[in-house]
Amino acid sequence: ITRPPAQKVERGQNPRTGRVTCTVAVTPPDGVEAALGAASAASRAVGASSPATRARWLRAIADALEEPDAAADLIALADRETALGETRLAAELARTADQLRFYGDAAVEGSYLGVTIDRATPARPSLARVRVPLGPVAVFGASNFPLAFGVLGNDTASALAAGCPVVVKGHPAHPALSARLADLALSALERAGAPDGAFALVTGFDSGAMLVQSPHTAAVAFTGSQQGGQHLWRLANERDVVIPVFAEMGTVNPVVLTPAGAAGTAEVAAGFVRAFTGGAGQFCTKPGLLFAPSGSGFAAAAGRALERSAPQAWCLTEQIAASAAAGTDGLVEDGATVVARVAGPGRGWSVEAVLLSAPIGAVRPGNRLLEECFGPVALVVEYQDMAGLLSVLPRLQGTLAAAIMSGGEQDPDIPRLLDALTPLVGRVVVDGWPTGVATAWGQQHGGPWPATTAPASTSVGAAALDRFTRPVTYQGTPDMALPPPLRPDNPWSVPRRVDGALEMG
Ligand code: NAP
C-alpha cells in the first residue's frame with residue numbers, strides 16, 4: 001500500500017498567546033509551477049492592456065478591500081495573526097487601498113513609459129523609445145506590514161500597474177490573512193475582466209526558491225531581512241538567465257541630533273523613544289542609532305522617557321522576538337551598555353524594549369552596532385564635535401533613511417550633514433523621524449547596498465513601476481506597427497519627448 005505524502009501546512013499563530021489559530025496548506029511544487037505557467041501565459045495580455053484598464057483592475061481590488069464587511073474581517077484576522085492592533089491595521093488597510101489606486105493612477109499618467117521619439121531626418125532613421133513590461137514578477141512580502149507590504153502591497157500593486165502578472169509568496173507570519181487577501185483579489189480581478197493568471201498566491205518556504213529559479217519569472221520583488229533578500233539575490237544571479245531582484249531590506253537608519261538641536265533634548269528624546277518602540281520597533285525605517293552631542297544628556301533623557309513608556313507589545317513571530325533579544329546581547333558584546341530596559345507583556349512573543357549607548361570609537365565597519373536589530377532596541381552614541389562626527393559617518397552602512405534633528409531652518413549643520421548622509425541613504429528627513437513612508441510621486445524607498453540589492457530603484461512611490469519595465473527603441477519602424485504610446489495619435493495620452501521637446505499627453 002502506498003500512502004499519499006502528508007500534506008505540508010503552515011500554522012498561523014496568535015503572537016499574544018502563541019496559540020495556533022489556523023493551518024494553511026503549503027502549495028505543492030506542481031501548484032507553484034501551474035501558477036507560474038499561468039502567469040507566463042497571461043503576460044502578453046496583461047502587458048498589452050492599456051494603463052487605464054490596469055488602473056480599473058487595481059481600483060476593483062481596492063474597492064473590494066474597503067467593502068465594510070470584508071474590511072472588518074480582514075482587520076480582525078490580521079490582528080489575530082500579528083497582534084499589531086486593530087487601529088493600526090485599519091489605517092494600514094486604508095493605506096493599502098490608496099496605494100492600489102495610486103499605482104493605477106501613476107500608470108495612467110504614463111510618464112513611467114519614458115516615451116522618447118526622434119523623428120527621421122536625412123541624417124538618421126526614426127528612433128522611438130518606450131519602456132515595456134518585463135513579464136511575471138515573483139513578490140515576497142514582509143511580516144511587519146501584513147497589508148501594505150503584503151500580498152496586495154506596494155510590490156504587487158506596482159507590478160500589476162506596470163503590466164506584469166504577479167505570483168506572490170505568502171508570509172508564514174500571517175497565512176490565513178494572505179489566503180483571504182488572495183481570494184478577494186482573484187474575485188475582484190475576475191469581475192474587472194483581468195486575464196486568468198494575472199495574479200496568484202503560493203505558500204511555503206520551498207515555493208520561494210522555486211519562484212526565483214523558474215524560467216517563467218522575469219523579476220523578483222522582495223521586502224524583508226537582509227539575510228533573506230541577499231540569499232534570493234544570489235539565487236537569481238546563479239540562474240542561466242539572470243533576472244533582477246529588487247530586495248528592500250532592513251537597516252539601522254541613523255539620526256543626528258545637532259548641537260543646536262540639543263536645546264530640545266527632552267522633547268527629541270521622547271520622540272525617539274516613540275519612534276523606536278512603536279509597533280514593537282518592527283519597522284524597516286526604525287531609527288536604530290542616534291548620534292547626540294556629548295554633554296547633551298540625551299541618553300539619560302531617552303532612558304527616562306523609555307522607563308515612563310507603556311509596556312511593549314508583542315513581536316510578530318517567536319523568531320523575531322528571539323532575534324531581538326539576541327540582537328541586544330550582540331550589541332552589548334560589541335561594546336554597548338544598557339541605559340534602560342522595559343519588560344514586555346510576558347506572554348506570547350513578548351519582547352523587552354532596550355536603550356543602549358556606546359562610545360563613538362565602537363562605530364567601525366564590521367561592528368554589530370552598525371546593523372539593524374529588528375525590534376524595540378536602539379543605541380545612542382555621543383560625539384565630541386561636528387568634525388569628529390563627520391569623519392565617522394562614512395563608516396556607516398548604506399541605509400533606507402536617515403534623519404537630522406536640528407535647531408531650526410537656520411541651523412548651519414544641516415547642509416554639511418546632508419552632504420555627509422546623502423551618499424549613504426535613499427531618503428533623508430530633517431526634523432522628523434524616518435519611520436513613515438508616504439506613497440507619493442516624490443518618494444524614494446531604497447538606498448545603497450545593503451539597504452537594497454538595486455540602489456537605483458524604489459519599492460514605494462510612483463517610480464516603483466520602473467522596476468518592472470525595460471526600455472526598447474524601435475528604429476525605422478512604421479507607425480502602424482509601433483506600440484500604442486509611440487503612435488502619432490498617442491491613444492493612451494501619455495507625456496512624450498518628441499525631437500527633444502516635452503509634450504504633455
Ligand atoms: P524575512 O524573514 O526575510 O521574510 C520575508 C519573506 O522572504 C518570507 O516570505 C520568507 O519566507 C522569505 N525568505 C526569507 N529568507 C528566505 C530564503 N533564504 N529562501 C526563501 N525564502 C526566504 O523578513 P520578515 O521577517 O518578514 O521581515 C522583517 C524584516 O524585513 C526586517 O529586517 C525589516 O526591516 C525588513 N523590512 C523591510 C522593508 C522595506 O521596505 N525595506 C519593509 C518591511 C520590513 P519564510 O518565512 O517562509 O522563510
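Trainee: So helices (H or I, at least four residues) and strands (E, at least two) are DSSP runs, numbered from the N terminus; with that settled, where is the place of Pro450?

Mentor: Keep in mind that this is a predicted model. Pro450 has its place in the loop between S16 and strand S17, the latter being residues 469-475.

Trainee: And what joins Trp449 and Pro450?

Mentor: The two are linked by a cis peptide bond, for which omega comes out at about 5 degrees.

Trainee: Take S15 then. How many of its residues are buried?

Mentor: Strand S15, residues 399-405, is mostly covered, and 7 of its 7 residues are buried.

Trainee: In which sense does S15 pair with S10? And how many bridges join S15 to S16?

Mentor: With strand S10 (residues 254-257), S15 pairs in the parallel sense over 3 bridges, and within that pairing Ile404 of S15 is the bridge partner of Val256. Strand S16 (residues 425-430) also runs parallel to S15, and 5 bridges join the two; there, Arg427 of S16 is the bridge partner of Ala401.

Trainee: OK, and at what angle do H9 and H10 pack?

Mentor: Helix H9, residues 265-277, packs against helix H10, residues 298-308, at an angle of about 55 degrees, and their axes are 8 Å apart. At that angle H9 is oblique to H10, and the crossing in which H9 passes H10 is right-handed.

Trainee: Which residues make the contact?

Mentor: On the H9 side they are Thr265, Val268, Ala269, Ala270, Phe272, Val273, Phe276 and Thr277, while H10 brings Phe298, Ala301, Ala302, Ala305 and Leu306. Sorted by type, the residues of this contact are 11 nonpolar and 2 polar, with no charged ones.

Trainee: What is Val332 in contact with, leaving aside its neighbours within four places in sequence?

Mentor: With those neighbours set aside, Val332 is in contact with Val338 and Leu356. Leu356 is 24 residues apart from Val332 along the chain, and 8.2 Å separates their C-alpha atoms.

Trainee: One more: which residue other than glycine has phi near 50 degrees?

Mentor: That is Asn253, where phi has a positive value. Asn253 is placed in the loop between strand S9 (245-248) and S10, and it counts as buried because its relative accessibility is 0%.

Trainee: And Asn490, is that one buried or exposed?

Mentor: Asn490 is buried, since its relative accessible area is 11%. Its phi is near 45 degrees, again a positive value in a residue other than glycine, and Asn490 is found in the loop between S17 and strand S18 (496-498).

Note on methods. Residues are numbered from 1 along each chain as its sequence is written. This is a predicted model: local features need pLDDT of at least 70, side-chain atom pairs count only at pLDDT 80 or more; totals for chains, interfaces and linings use all residues. Side-chain values use heavy atoms; hydrogens and water are left out. Axes are lines fitted to C-alpha atoms, for helices over the stretch in contact, and angles run from 0 to 180 degrees between N-to-C directions. Angles under 35 degrees count as roughly parallel, over 145 as roughly antiparallel, 65 to 115 as roughly perpendicular and the rest as oblique. A crossing is left-handed if the near helix is turned anticlockwise from the far one by less than a right angle, and right-handed if clockwise. Contact means heavy atoms within 4.5 Å. Ala, Val, Leu, Ile, Met, Phe, Trp, Tyr, Cys and Pro count as nonpolar, Asp, Glu, Lys and Arg as charged, and the others, Gly among them, as polar. Buried means under 20% relative accessible area, exposed over 50%, partly exposed in between (1.4 Å probe, protein chains only). Two strands pair if DSSP finds at least two bridges between them.
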